[in-house]
Amino acid sequence: MKRLINYLIGLNVLVLGITLNTRSLLGVSAFTTLPYALKEMTPISFGVANIMLYMVLVVAQLLIERKLKMDILLEVPFSFIMGYILDLYQIIIPASPESLGLRIVILLAGNICTAFGVYTMVQSHLVLAPVDGVILSISNHYNKAYSLCKNCFDITMIVSTIILCLVTRSPFYGIGVGTIFSALCVGRIIKWFEIKQFSLIRS
């Protein structure tokens, strides 16, 4: 029960962090640049764009693991739930303020929330978000630190988004100083939580 409570808290904090980053207008979280760009280029919502990306990442995990695993398959229904919650938070959280200083504060809060949400969900050992699941699969398969793999994945997402925007001759949707900050710092913040072994509710 304690793990489930930690997990649910982590899930909502993660979604809050993602939403705050979009609301800062300084650049979305690095790992959401691709679905954010898809949202801007098409009529689909941010949540649906994330679901599409999650399905690709579930397949990627299955290819890395080379076998069907229940914890990976459970990421499919999770992806739809996560997508709908993302759209809900997009409605609940108000638009970005005009003050640059306040937007910077929102950006910092968003990155801290994102890191804590990811860390808490991983530590709960329940169903992961496909983004975190594929990073964990890479980390375990290649015996590399999760935080390092997180940084590499985020950078890969930014590069993929830039390529997509260049190919479609679109603006670099969602990419800004906040995106670079996210790519460089979220993994480091997760590492800090790993060292401190922080938990809201201990088992």
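A polar atom of the Arg-103 side chain lies 3.0 Å from the backbone oxygen of Ser-24. That is a polar contact (a pair of N or O atoms within 3.5 Å; within protein, one must be able to donate a hydrogen and the other to accept it, and residues adjacent in sequence count only if both atoms are side-chain atoms). The model is predicted: local features need pLDDT of at least 70, side-chain atom pairs count only at pLDDT 80 or more, and totals for chains, interfaces and linings use all residues. Residues are numbered from 1 along each chain as its sequence is written, and side-chain values use heavy atoms, without hydrogens or water.

Arg-103 sits in helix H6, residues 100-124. Helices here are DSSP runs of H or I, at least four residues, numbered from the N terminus. Arg-103 is buried at 17% relative accessible area; buried means under 20%, exposed over 50%, and partly exposed in between, with a 1.4 Å probe and protein chains only. Beyond four places in sequence, its contacts (heavy atoms within 4.5 Å) include Leu-25, Leu-26 and Pro-97.

Helix H5 covers residues 75-92. Its 18 residues reach 25 Å from first C-alpha to last, close to the expected 26 Å, which is 1.5 Å times one less than the number of residues. Among its buried residues are Phe-78, Met-82, Ile-85 and Tyr-89. H6 is one of the elements covering them, and H1 (2-24) is another.

Now the cysteines. There are zero disulfides, a disulfide being a pair of cysteine sulfur atoms within 2.5 Å. Cys-149 is buried, at 9%. For Cys-185, the closest cysteine sulfur is also in Cys-152, but 15 Å away. Cys-185 is partly exposed, at 22%.

Key:
Helices (H or I, at least four residues) and strands (E, at least two) are DSSP runs, numbered from the N terminus.
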